[in-house]
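Subject: Handover of the two-chain model

Hello,

I am passing this structure on to you. Please have a look at it first, then read my notes below.

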Amino acid sequence: MRKPAVYFGVAVFYALHQDFWLWRDARPLIFGFLPAGLFYHAAYMAASSLLLWGLVAFGWPSHLEKTATRRE
Amino acid sequence: MIPALVVFAYLGVVLCVGVLAFRTAAGPSNAEEYFLAGRSLGPTVFLLSLFGANMTAFSILGASGHAFANGIVTFGLMASSSALIIPLCLFVIGTRLWALGRRNGFMTTVQMFRDRWDCGHIGTVIFAVQAALLVPYIVIAVMGAGTTLRTVSDGLVPYWLGGAVASLVVMGYVFLGGMRGTAWVNAIQSVLFLLFGAIAVAVVGSGMGGFREAVEAMLAAPSTAPLLTRERISPLYFFSYTFIPLSSIAFPHIGIFCLTARRLGHFRKTIVLYPLCMLAIWLPSVFLGVVANQARNIPAISEKIEARAALSAPGADLRNDERDRLRAQAAGDDVILRLVQGYAPLWIFALLGAAVMAAVMASDSQILALSTMFTEDVFTFYEGKRHFGEAAQVRTGRIFIVLFTLIAYLIALRAPQSIFELATQYAFAGYAALTPLLVAALFWKGSTKWGALASTVWTAAAVLGVAVLQAAVPAPPPGGAVPILSAGGIEVIVRGAAGTTVLGFLPVVPMTLMSALLMVVVSKCTAASRPGPATLARYFELSSLERAVSTARARTGADSRITAGAKTREGLWPTI
């Protein structure tokens, strides 16, 4: 259940990169100087890290390590 | 001159790192030690070195220069899409490359392709295309080094000398330290990048009297307000850029870096922290590039803004040479250097020079990758190692590094820069179009060597085609567009100021999709040339039917390799 949720999250995240709703307006200025579109993509990167943490935590291909080290 | 001395001191430090790596190496004549650091990099060095290998001069100079001319859109185009897709590629493809390399002793992706598809010379074709796409990066790094040293020394260090010194240093530590030296230097470079961003923002913000006023002033001016939105960029163009980061995992030096981790678990930290490292470098670079438009009190920046205004003035009828001169004057690659030079104390500017030099010198891993590919995919494949031994293989790699660096330096001295800027632009699209090879090799049992060849040849032809087209049809003035091919009232291929588009997309989109399509169609048409079950068993879990076929063929002697292979190797992958 966790794995499909993370994969679904990846697909949703890919779609969220196309933030057409912030295309033409710089306001509101976050912290008084960061245009909304720039802040959105900075936050997107931070959120990507969280998503990737989920992927690593719940979808880690640990079988690869087992099969690879078997040769050693 | 002080900034130049700091840069020279930095070059001395990285050379010492190469010597240290040489002394630490387990065996100077051991190929796996030299080319892959003995597959023994720890988690922190693996993260920083892989990240450093991906961050080139474009991450600081290119990002801020692009943002200076195009605004905040630069961040969404290159940074945020890469922050998701590059770690995903490391997760999906990089981890599998690591396991295969460890299990089968692969040192390059071409070795894996040759094994996966039971092919020889087709692997050589893939090597040739990969190598050809990598060369411009190395040449442009020499150019960047020459330009940076000339800028930070105020012209005291000429271009040819700066390029020569940087080439010698890179050659020195790659020659001596191999992958271990390269990884350590990349780790130092990454730390420098990460420190640089925060310092530069603080210093420039203070110098400009705060960013709030600068941004409000930009919003109030019709010429600069669009730089704080994305209204000048079409959504299709923006979407196209999500294909570019696919190129990262197909770059040979990144693929080879994936083989250097001591444990699979070292990928975890790299995958999770990669977006945050990118954020720390790209956000300052892009933001400073954008607000540089408000730094008109710095003469060099003011001249750039005036040149850009002259270029885009409505009704401006400029001669070609005048337009080229204005374009060169408006180019923003050094804008962050000028900004920091204008607002920061000398020592900060000197540190910036070292950080920029570190970014420029990311070519080290590319030179080493080319050397590894040449020795493994050509020298060893064509029996050189069997005839002359492993020590000769490492010597060949080192000789290749010296010769190649020399050739790259000579080209950099003579070549017009624009050619290599374009070539670098095409390389991203080219490597993205090669990604279907990796996906098919690792996840699709039905792929064949002929499918791989079709994708590779298509990629080479498409890159060449776009290059020829852009050379034949000069870029129109900013905002202009020249239709090249129309059908049924629809403009199919258009030459714009920022490049060529196909149905509104960047060429990377049709190139990658067509490459994937060719892989599927040609593989299906040549299903008879699929590798035997023994080969497939090294990559996939086979069904009971496939195993039965394998056994039957082995009994009848149809494929003598199968018996040995089936006994000694087990399937690595779940069937996908």
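Some ground rules come first. This is a predicted model, in which local features need pLDDT of at least 70, side-chain atom pairs count only at pLDDT 80 or more, and totals for chains, interfaces and linings use all residues. Residues are numbered from 1 along each chain as its sequence is written, while chains are lettered from A and ligands numbered from 1 in the order in which they are written.

**Confidence**

The model scores ipTM 0.94 and pTM 0.88. Per residue, the predictor's confidence is given as pLDDT, from 0 to 100. Chain A averages 88 for pLDDT, and 93% of its residues score at least 70. Within chain A, α2(A) has the highest mean, 94, and α3(A) the lowest, 78. Helices here are DSSP runs (H or I, at least four residues), as are strands (E, at least two), and both are numbered from the N terminus.

Chain B has an average pLDDT of 84, with 90% of the residues at 70 or above. Over residues 558–576 of chain B, pLDDT stays under 50. The model still has 40 contacts beyond four places in sequence for that stretch. Where pLDDT is low, the predicted coordinates should not be read in detail.

**Chain B**

Chain B holds 26 helices and three strands. Of its 576 residues, 55% are buried. Buried means that 20 or more other C-beta atoms lie within 10 Å of the residue's own; exposed means 12 or fewer, and partly exposed is in between, with C-beta atoms placed from the backbone. Two residues are in contact if their C-beta atoms, placed from the backbone, lie within 7 Å. Among contacts in chain B with a separation of 6 or more, 80% join residues 24 or more positions apart.

An automatic or database domain assignment sets the domain bounds. For chain B it gives domain 1 (2–292 + 333–414) and domain 2 (533–568). Their C-alpha centres lie 42 Å apart.

What sits between these domains? The largest nonpolar core has 202 residues. Such a core is a set of buried Ala, Val, Leu, Ile, Met, Phe, Trp, Tyr and Cys residues joined through C-beta atoms within 7 Å. B:Val286, B:Ala355 and B:Ala432 touch the most other members. Helix α5 (residues 73–104) of chain B gives the largest share, 18 residues. Both domains of chain B contribute residues, so the core lies between them. As for B:Val286, its contacts include B:Ala63, B:Ile72 and B:Phe75.

Two helices were checked for length. The expected span is 1.5 Å times one less than the number of residues. Helix α18 (residues 363–380) of chain B should span 26 Å, and its end C-alpha atoms are 24 Å apart, which agrees. In α18(B), 15 of the 18 residues are buried. Helix α23 (residues 508–525) of chain B should also span 26 Å; its ends are 25 Å apart, which agrees too. Buried residues of α23(B) include B:Val508, B:Met511 and B:Leu518.

**Where the chains meet**

The contact takes 33 residues from chain A and 42 residues from chain B. On the side of chain A, α1 (2–16), α2 (36–59) and α3 (62–69) each give two or more residues. The largest share, 13 residues, comes from α2(A). That side divides into 21 nonpolar, eight polar and four charged residues. Here Ala, Val, Leu, Ile, Met, Phe, Trp, Tyr, Cys and Pro count as nonpolar, Asp, Glu, Lys and Arg as charged, and the others, Gly among them, as polar.

**Local details**

Most residues other than glycine have a negative phi, and most peptide bonds are trans. A cis peptide bond joins A:Arg27 and A:Pro28, with omega about 5 degrees. A:Pro28 is in the loop between α1 and α2 of chain A. A:Phe31 is in the loop between α1 and α2 as well, and has a positive phi of about 60 degrees. A:Phe31 is exposed, with 8 other C-beta atoms within 10 Å.

In chain B, phi of B:Leu503 is positive, near 50 degrees. B:Leu503 lies in the loop between β3 (499–502) and α23. It counts as exposed, with 12 C-beta neighbours inside 10 Å.

Best wishes
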